[in-house]
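These are my notebook entries on one predicted model. I record below what I looked up, topic by topic.

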Amino acid sequence: MVERRIAVQIDDLTVAYNYKPVLWDIDLAIPEGVLMAIVGPNGAGKSTLMKSILGIVEPLAGSVRIFGKSYDKQRSIVAYVPQKGSVDWDFPTTVLDVVMMGTYGSLGWIKRPGKKEKKNSLEALEKVGMLSLKGRQISQLSGGQQQRVFLARALVQNAEVYFMDEPFQGVDATTEIAIINILKELRKRNKTVIVVHHDLQTVPEYFDWVTFLNVKKIATGPVKEIFNDDNLTLTYGINYKTSIIK
Amino acid sequence: MSFFEYLHLLFTDYTLRTTTLGTAILGAVCGMLGSFAVLRKQSLLGDAISHAALPGIVIMFLLTGTKNSSMLLLGALASGLLGAYWIKGIIKNTRLKSDTALGIILSVFFGFGMMLLTYTQKLPNANQAGLDKYLFGQAATLLTSDIWLLGIVAIACLIVLMTFWKEFKLMLFDPDFTNVLGFDTRKIDVLITTFIVLAIVLGLQTVGVVLMSALLLAPAAAARQWTNSLSAMVILAAIFGALSGIIGTAISATADNLSTGPIVVLVSAVFVFISFIFSPQRGLLFKEIKIWNNRKLLEEQKTLAFMYDIAATHEDITHPHTVKILNNFQGFTKKTLQKLVVKEYVNVNDNMWSLTKKGYNEAESLYSQYVNDDD
C-alpha cells in the first residue's frame, strides 16, 4: 500500500470549558482521502474536537496541523458544515444567498461575490438537488432542505478537507442517501471528509475510517479493522448489542 | 393648521426645521442599526447602553461645569461604551445569561446616574437645571451643529454598512462560520457596537435615556414584517425611523405642550402595531385569514372526496344519491355542499346530489395530489 499523506494531524490536544476537560490529550492522524466518522456518547467532545480544529474553540494545549501547516494558513482548503440548529433559520435571506456565503472566504474582506461565485453556488445547489428552490426564503425549508443548503455552502468552498457536524441529524431517508452519496463522491475525488456521526448501525456502510472518542481517543483506524464490540464497549461503557432487551 | 401651512412653517421656522431634520436623521440611523440589533437578538443591548449613559452625562457636568451638549454627550459615550464592554465581559466570564447581564448593568448604571442627578440638583448652582432633560429628551434644544453631527454619523454609518455588508450579513446569520472563513467576528462586532452606541448617544438629547431603545428597535421590528431580504429590511427600517421622526415632530408641534421624544416613540410603535397586524406574509390578520380559508377549503375537499368514494361505487359517476348519506360523514355541513354546487362540482336536486364530471376529475386529482406530496 502506498503511504498516504496525513490530512489532519492532531497532537496532545486538550480542551476545557470550565473545570473538567472536554477533550484530554488527543493524538490523531487522519490520512488523506478517507471518509471518517467520529463516534462517541453525548458529551464525548465530538463537536468540540471539530471546533478546536477549526479554531472556533481555543484549546488549552496541543497543536493541529492540516497538511503540515496551521489552520490559519490552510483556511482556503477547509470547508465546514455546522449543526443546522446552530443558526436562526428565520433570518431574512434566500437559499442561494446562504450558499454564496461559502464563497466569502476566498473573496476576503470587502470584495463582493460576482458572476463566478454565483455560478459555482448554483452548481452546488444542483448537486444537492435544491436548484429549484434557489430563491426560496430559508425560513420555509424543511429540516432536510436546511441540511442540503448547508452542504451546498460547504461544496462551494471547494476544499480538500471537509468537516461536518452531524449532517444526518433530523433528516429523512431521501436526504440521508443524497448526502452520503455526495460524501462518497468527495472521497472518490481524494477529498478528506470528517463527520460527527451518531447512528452506529450505518458506520460500516457509510464510512471507511472511524475514530472512537470519549473525552480521550479510544481508537482510530479503518472501519474494517477497529469497528468492533470491544471498541464500542470501551467508548460507550456498555455493550450496545447485548444491552437492548430482546 | 392645514397641511400646507405646516409645510410652509417647516421651511420658515428654524426650531421646527431643525427638530424635524434631527429626529428624521436620528430615526433613519437608528432604524438601520436597530435591524442588526434585532437580528442578533441583542434588542436590549441598546436599552442597557442608553441607561448606562446617564452617569456619564452627570459626571461630565460635575467635572466641567458646562452644559454644552457635545461635552455632555462625550461623557455619555464613555459610560455607554463602558456599560456595553462590561455586559460583554459578564456574559463571557460568568455563567450569567445575556438578559441578566443586561439587566444588572442597566439598573446599576441608571441607579448611579439618578443618584448623581439628585445630588447635583441640590448643589447651590443655578446652572444644573435642565440636566434632567436627558431623561426623556428635549428635541427643541437641537441646534444646527447637532444636525451636522447627526448627518456626518449617518453618512459614516451608511458607508460602513455598504463597505462591510457581506461581512455583517455573514456574522448575523452564522458567527461560527464567519470565524472559520477567517473573518474576525470581534472586529465586526466592535464596528457594529460602536455605531449603535454612537447612535444612542446622539439620540439622548432628543429622545432621552429611558425611551431611546424603542427608537432603535421599533422601526426594525416593523420592517422585518414586510420583507424577507436583509437589505430591504434595513432600508425599510430607515424609512420607518425617519417617518416616525417627521410625523412625531409634526404632532408635537401642532399640539401644545407635548414633548417630541415620547411622541416620536409612540409613532414608531404605531408602525410596529400596523406591521404586526397587516403585513401580508407575517401579519397576524392575513395569517388568520389564510388559516381560516385553508380550513374551509380542506372541509370542501374532504366532503368532495367522501362523495367521490360513494360515486365510484356506481358505474355512472353522475348517479344521484340522497343527501342523507352525507350525514354519516363528520365535518359535512350544508354550507360546504352549497359551495361545491357553486363550483359546479356537484348538482343538487331535491334531496339528491350527484357529482358532475368536473367534480369527479377534481376529486381524483386531489387524491393524487395528497398521495404524491413528498415534502
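**Entry 1. Salt bridges**

I searched the whole structure and found 18 salt bridges over all chains; a salt bridge is a side-chain nitrogen of Lys or Arg within 4 Å of a carboxyl oxygen of Asp or Glu. Side chains of opposite charge can pair when their charged atoms come close.

I note the ground rules here: the model is predicted, local features need pLDDT of at least 70, side-chain atom pairs count only at pLDDT 80 or more, and totals for chains, interfaces and linings use all residues. Residues are numbered from 1 along each chain as its sequence is written, chains are lettered from A and ligands numbered from 1 in the order in which they are written, and side-chain values use heavy atoms, with hydrogens and water left out.

I looked up R5(A) and found a salt bridge with E32(A), with 3.3 Å between the closest N and O atoms. R5(A) lies in the segment before β1 (6–16) of chain A and E32(A) in the loop between β2 (21–31) and β3 (35–39) of that chain, so the pair ties together parts that are 27 residues apart in sequence. Helices (H or I, at least four residues) and strands (E, at least two) are DSSP runs, numbered from the N terminus.

R5(A) counts as exposed because its relative accessibility is 52%, whereas E32(A), at 9%, counts as buried.

I then noted the salt bridge of D72(A) with R75(A), whose closest N and O atoms are 2.5 Å apart. D72(A) is exposed at 57% relative accessibility, and R75(A) is partly exposed at 23%.

R153(A) forms a salt bridge with D174(B), at 2.9 Å between the closest N and O atoms. R153(A) belongs to helix α6 of chain A and D174(B) to the loop between α8 (165–173) and α9 (175–180) of chain B, so this pair joins two chains. Both R153(A) and D174(B) are buried. I also recorded one network, in which salt bridges that share partners join D90(A), R224(B) and R282(B).

I next looked up D47(B), which is found in helix α3 (residues 43–64) of chain B. D47(B) is buried but has no salt bridge, and the nearest side chain of opposite charge, K88(B), is 16 Å away. Lys and Arg count as positive and Asp and Glu as negative; His and the chain ends are not counted. Apart from neighbours within four places in sequence, D47(B) is in contact (heavy atoms within 4.5 Å) with L106(B), V210(B) and S213(B).

D146(B), in helix α7 of chain B, is likewise buried without a salt bridge, K133(B) being the nearest side chain of opposite charge at 7.7 Å. With neighbours within four places in sequence left aside, D146(B) contacts S69(B), T141(B) and Q205(B).

**Entry 3**

I found three cavities of 30 Å³ or more in the structure. On a 1 Å grid over the protein atoms alone, a cavity is a set of points where a 1.4 Å probe fits but cannot get out, and a pocket is an open set with protein on both sides within 12 Å along at least five of seven lines; lining residues have an atom within 4 Å of a point. Grid points are joined across faces, edges and corners, and a volume is the space filled by probe spheres set on the points.

The largest cavity has a volume of about 50 Å³. Its lining includes D146(B), S69(B) and Q205(B). α4 (69–93), α7 (144–163) and α10 (185–207) of chain B each supply at least two of the lining residues.

The second largest pocket holds about 450 Å³ of space. Of its 22 lining residues, S106(A), N120(A), V156(A), Q157(A) and N158(A) lie nearest its centre. α5(A) gives the most to this lining, with six residues.

**Entry 2. A helix and a loop**

Helix α1 (residues 46–53) of chain A is largely enclosed by the rest of the structure, because seven of its eight residues are buried.

Lastly, I looked up N228(B), in the loop between α11 (212–226) and α12 (230–254) of chain B. N228(B) is partly exposed at 22% relative accessibility. Not counting residues up to four places away in sequence, N228(B) touches P92(A), T93(A), Q137(A), Q281(B) and R282(B).

Definitions and conventions. Buried means under 20% relative accessible area, exposed over 50%, partly exposed in between (1.4 Å probe, protein chains only).
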